[in-house]
Amino acid sequence: MNYFFRWIFMSLGILVFGIALIFTWGIEDTTPQEVLTIAIPYQEDIFDINDSTYVAWLSEQIGMTVEFSFLQSNYTDSYIKQILADPNTAYDGIFFTKSTAPTQTELSAYIATGGIVAIDTWIDQESVYLAETLNTFDDYDLRQEITHTDGHIYYMPALDASSVSKSAQTMWVNVDLLEDVGLQLPSTTEDFAQMLAAFADYDGTMAPIMGTSDQSYFFPLYFLMNSFITCDNQNHFLYLEGSEVLFAPSSDNWRAGLQYCNRLFAQGLIPDAVFNYSQDAFLAICNDPDNLVGCFTTDSIASVLSENSPALLSRYLAVSPLDSGYNTPVALVSTPLPSVGGVVLSTSQYQDEVFALMDLMCSEEGYLRGHYGVPDEDWTEAAPEDITVSGDKAVITVTQSVGTTSDTDSAHVIGPYIASETYADMVAWKGYQVNQSAYLDARAYRTYEYYAPEESLPYLQLSTDTVQELDAFVEEAMIAFVTGEWDIDSDEAWQAYLDALATYSVDDLVAQGQLFYTESEETP
C-alpha cells in the first residue's frame with residue numbers, strides 16, 4: 001500500500017515538473033540587463049543609433065546594454081559642465097564626434113570639475129586594444145599627445161590616420177554657382193578674387209566665402225596664406241627652406257598674404273561672419289538648402305556637409321592651391337592628431353565597463369564594424385580585381401553604405417576609434433553613390449598630393465604655455481590686419497607687430513624646431 005502511494009506521489013511530481021517545462025519552454029530570461037548610458041552632445045545630422053547593429057555588437061561584447069542619449073541642447077559646453085557637477089547624473093560616460101569634441105581648454109575645465117576620471121591606470125593594466133596602438137604608432141608619441149598637463153590621461157582618442165586626414169585643409173567651391181556666373185575653377189589668387197566678386201554680385205544674400213576660427217581647417221585665411229608662404233599652424237608656423245627652419249609670420253611674404261586678404265575683406269568679399277561665426281553657425285549655413293555659400297575650407301568635406309545629402313555634396317569640387325606669384329603654391333600635409341573620443345564620469349558605478357567599451361571601440365574590429373557595417377553583409381575581404389578610388393589595390397570592399405541596410409546612420413562617427421591607413425584608405429566602394437564624401441575627399445587628396453612640399457617639418461610635440469600663447473597671438477594678429485583693425489600697409493604698425501612677436505621667444509622656438517629637424521634627419 002505504501003508503495004502504491006509513493007508511486008502516485010512520484011507520478012504527480014513528474015507530471016507537475018513536465019507541465020512546468022512545457023509552460024517555460026522557449027521563454028527567455030526577462031531579468032533586465034544592466035545598462036550603460038552614454039551621453040552624446042547634440043549634432044543636427046546625427047540620428048538615433050541605439051538600434052544599429054554596431055551598438056548591438058558592442059552591447060553583446062561587453063555584456064551590458066549600451067544606450068546612447070543625445071543632449072538636446074544648443075549650449076553643449078555649459079550643459080556638459082552641469083552633468084559633470086551633478087552627483088546624481090544618469091550618465092556613465094560622454095562620447096564625442098569630431099565636430100563636438102572639446103578643445104584642450106574645454107577639457108581642462110571639465111577635468112577641473114572633478115567629474116572626469118583619469119584612465120591611465122586602466123590603460124596600463126586593462127587595455128587590450130589602445131595599449132597596443134600606443135606602443136606601435138609611428139608618427140609621434142601618441143601617449144604623450146593624449147596626456148594632460150598634470151601627467152594623467154583623461155580621454156580615449158578618436159584618431160583617423162588615413163592619408164586623406166593628412167590633407168590639412170581643402171578649399172571647396174560651389175560649382176553650381178560657378179557655372180551660373182560663367183567662370184572656371186580658379187588657379188590663381190586673382191582668379192579667386194574675381195570668383196568671390198562674381199558670387200557677391202550674383203546674389204547679395206549669399207556669402208562668397210564662409211568659415212570660422214573655431215577649427216583651423218574651417219578658417220580660410222590659412223588656405224589663402226599658403227599661396228604666399230607655408231602656413232603650417234600645426235607646427236606653430238615654422239617651415240623648412242632647404243634644411244633651415246624659419247618662422248613664417250615675421251616674413252615679407254606673410255605680410256603680402258595679409259595684404260591680399262585685407263583687400264578681399266575691404267571689398268566685402270570676406271564677410272565679417274568668417275571671424276564671428278561659431279562652428280555650429282558655420283555648419284548650419286553651409287548645409288542650408290538655399291545655397292547660401294560660395295566656398296569654404298575643411299579637412300574632409302564630410303566635416304561640413306551632411307553625408308545624407310548627396311545633392312548638397314554634388315555642388316562642391318576641390319580647388320587646387322592658388323598661385324600668387326610670391327611662392328610656389330603649397331598644400332600642407334598635416335599629421336593626424338587625436339581628438340577627445342570619450343570620457344568616463346566619476347559618478348558612474350560602471351567605470352570599468354565604460355573603459356572596456358571605449359577600448360573595444362579602439363580595436364580593429366570595432367573600427368571596421370563601426371565604419372563599414374557587418375562583415376560579409378556590408379563589407380567583405382577585397383577580391384583581387386577590387387581597387388580603391390585612388391586606383392590602389394583594395395584590402396576590403398564595401399558593398400553597402402553604413403545606414404542603408406543592416407545599420408542605422410551615424411554610429412560610425414561617435415566615440416573613440418583608431419583608423420589605420422590600411423582600413424581607412426585601402427577600401428573599394430561598389431558604386432559612387434555608396435560613399436560620395438569618401439570619393440570627393442580621395443579626389444581632392446590626389447590633387448593636393450601634387451602640391452605637397454617635397455620635404456616638410458615633422459610634427460613638433462610642443463605644448464608649453466608660451467607656444468600656445470604665440471599661436472593665439474599670430475591668429476589674433478592675422479584677424480586684426482585683415483579686418484583693418486591694424487593697418488597692414490603701415491610700416492609702423494608692422495614693426496610694432498614684429499616687436500610683439502619677439503616677446504613670445506620666437507628665436508627659441510625656431511632653435512627647438514631646427515634641433516628637432518636635425519635629429520630627425522640623423523635618425524635612421
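A surface patch is taken here as a group of residues with over 30% relative accessible area and no salt bridge, in which like charges are joined within 9 Å. In the predicted model, one such patch of negative charge is formed on the surface by E454, E455, E519, E521 and E522. Among these residues, E454 is placed in the loop that runs between α18 (436–449) and α19 (465–482). The relative accessible area of E454 is 86%, and E454 is therefore classed as exposed, the cut-off being over 50%.

Charged side chains also occur in pairs, and four salt bridges are present in the structure. One of them joins D124 to R143, with a distance of 3.0 Å between the closest N and O atoms. This pair connects distant parts of the chain, since D124 belongs to helix α5 (residues 120–125) and R143 to helix α7 (residues 142–146), 19 residues apart. The two partners fall into separate accessibility classes: D124 is exposed at 53% relative accessibility, while R143 is partly exposed at 29%.

Helix α11 (residues 252–266) contains R263, whose side chain meets that of E190 in a salt bridge with an N to O distance of 2.9 Å. Because E190 is located in helix α9 (residues 189–202) and R263 in helix α11, the pair ties together parts of the chain that are 73 residues apart in sequence. R263 is partly exposed, with a relative accessible area of 31%, and E190 is likewise partly exposed, at 45%.

A further salt bridge is made by the side chains of D491 and R255, at 3.0 Å from N to O. Here, too, distant parts of the chain are linked: D491 lies in helix α20 (residues 491–502) and R255 in helix α11, 236 residues apart. D491 counts as exposed, at 55% relative accessibility. R255, by contrast, has a relative accessible area of 14% and is therefore buried, as this value is under 20%.

S363 is situated in the loop between α15 (351–361) and α16 (364–372). With a relative accessibility of 4%, S363 counts as buried. The side chain of S363 reaches the backbone nitrogen of G366 at a distance of 2.9 Å.

How values were computed: Residues are numbered from 1 along each chain as its sequence is written. This is a predicted model: local features need pLDDT of at least 70, side-chain atom pairs count only at pLDDT 80 or more; totals for chains, interfaces and linings use all residues. Side-chain values use heavy atoms; hydrogens and water are left out. Patches are made of residues with over 30% relative accessible area and no salt bridge: like charges are joined within 9 Å, nonpolar side chains (Val, Leu, Ile, Met, Phe, Trp, Tyr) within 5 Å. Accessible areas come from the Shrake-Rupley method with a 1.4 Å probe; for residues, only the protein chains shown count as cover. Lys and Arg count as positive and Asp and Glu as negative; His and the chain ends are not counted. The place of a charge is taken as NZ of Lys, CZ of Arg, CG of Asp or CD of Glu. Helices (H or I, at least four residues) and strands (E, at least two) are DSSP runs, numbered from the N terminus. Buried means under 20% relative accessible area, exposed over 50%, partly exposed in between (1.4 Å probe, protein chains only). A polar contact is a pair of N or O atoms within 3.5 Å; within protein, one must be able to donate a hydrogen and the other to accept it, and residues adjacent in sequence count only if both atoms are side-chain atoms.
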